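Student: I'm new to this one. Could you take me through a single part of it up close, the sheet and whatever packs on it?

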Amino acid sequence: MDFNYIINTETDKTKYPIYFTTVSSRHRQENIYRKMGSATHQILLISEGNGRVSCNGKTFPLYRGCAFYTAPNVPCSYVSDNGMTSAFLTVNGISAKMLEENFSENGFLYRNDVDTEKLLSFLNNFIYEYTNSATQARTSALAYSFFLDFFTESNSKNLDYLEKIYRYITSHFASALKLEDLAKISCVSVSKLCHDFKKRYSVSIFEYIVSLRLSYAYELLSNSPNVAIQFVAKNCGFEDLGYFCKAYKKQYGITPSQTKKH
């Protein structure tokens with residue numbers, strides 16, 4: 001059985017709003033008992049075998065299709081019953097803390113509806129990019145996407161179509177989002193989607209997407225003064241650098257370059 005376990009040894013990783021500490025896409029899972037919790041935010045998924053995870057006084061089964069999140073300093077234990085194989089990504093940073101507060105319950109979230117192949121593919125790609133000299137800004141963006149996707153997909157079957165599209169946009173704000181595609185996902189017309197979205201959230205879909213992109217750009221620039229502005233713009237979903245700078249200054253009253261100097 002293959003085994004990989006990568007530790008992020010970059011010295012300036014704490015300058016980013018979220019940064020990974022360890023990652024593995026295939027790990028022979030040992031029994032873990034953390035009475036004081038861990039020092040990181042972790043998402044762990046099961047690829048083979050089965051076991052159990054216990055947190056906050058509850059125990060849940062683990063098998064392929066299951067995954068769970070634990071926050072720092074949250075007591076947790078998970079054990080293998082028959083040679084369980086896992087994959088995981090652990091991170092730290094202010095963005096990870098914000099996600100925890102918005103989506104988890106007492107620092108823990110269990111899911112038994114994950115697309116295991118999709119998550120494993122993501123982690124394999126993450127490892128490939130990191131080992132082939134991806135920038136820290138890139139691994140930061142990938143880590144944020146992984147955690148945000150995991151949280152926003154949780155219990156999505158119980159949400160109405162507007163909440164589903166809201167979470168989809170929140171999870172994919174850096175991608176090329178078209179109203180026609182969002183309408184197809186929602187199974188409604190473009191006009192109905194736009195009308196209902198603005199009525200529910202008091203902001204247009206376009207305005208919401210731009211605000212998410214600018215917010216993440218601000219975090220990157222504030223915490224990563226050496227990162228290129230053009231790189232930030234592109235990785236936050238802005239293809240036009242001039243438009244990005246104009247929208248950024250309108251939102252924050254200062255330019256991207258001025259933010260880096262603060």
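Tutor: Let's start where strand 1 meets strand 2 (residues 19–28): the two run antiparallel and are joined by two bridges. Strands here are DSSP runs of E, at least two residues long, and helices are runs of H or I, at least four, all numbered from the N terminus. Two strands count as paired if DSSP finds at least two bridges between them. One of the residues involved is Ile-7, whose bridge partner in strand 2 is Thr-22.

Before going on, keep in mind that this is a predicted model, where local features need pLDDT of at least 70 and side-chain atom pairs count only at pLDDT 80 or more, while totals for chains, interfaces and linings use all residues. Residues are numbered from 1 along each chain as its sequence is written, and side-chain values use heavy atoms, leaving out hydrogens and water.

Now zoom out a bit: the open sheet has six strands in the order 1-2-9-4-7-10, with antiparallel pairing. Strand 1 (6–7) and strand 10 (108–111) sit at the edges with a single partner strand each, so one side of each has no neighbour in the sheet.

Helix 1 (residues 94–103) packs on this sheet, touching strand 4 (41–48), strand 7 (67–70) and strand 9 (85–92); touching means heavy atoms within 4.5 Å. Its direction makes about 75 degrees with that of strand 4. For such angles, axes are lines fitted to C-alpha atoms, for helices over the stretch in contact, and values run from 0 to 180 degrees between N-to-C directions. Helix 2 (residues 116–131) lies across strand 1, strand 2, strand 4 and strand 9, at about 120 degrees to strand 2.
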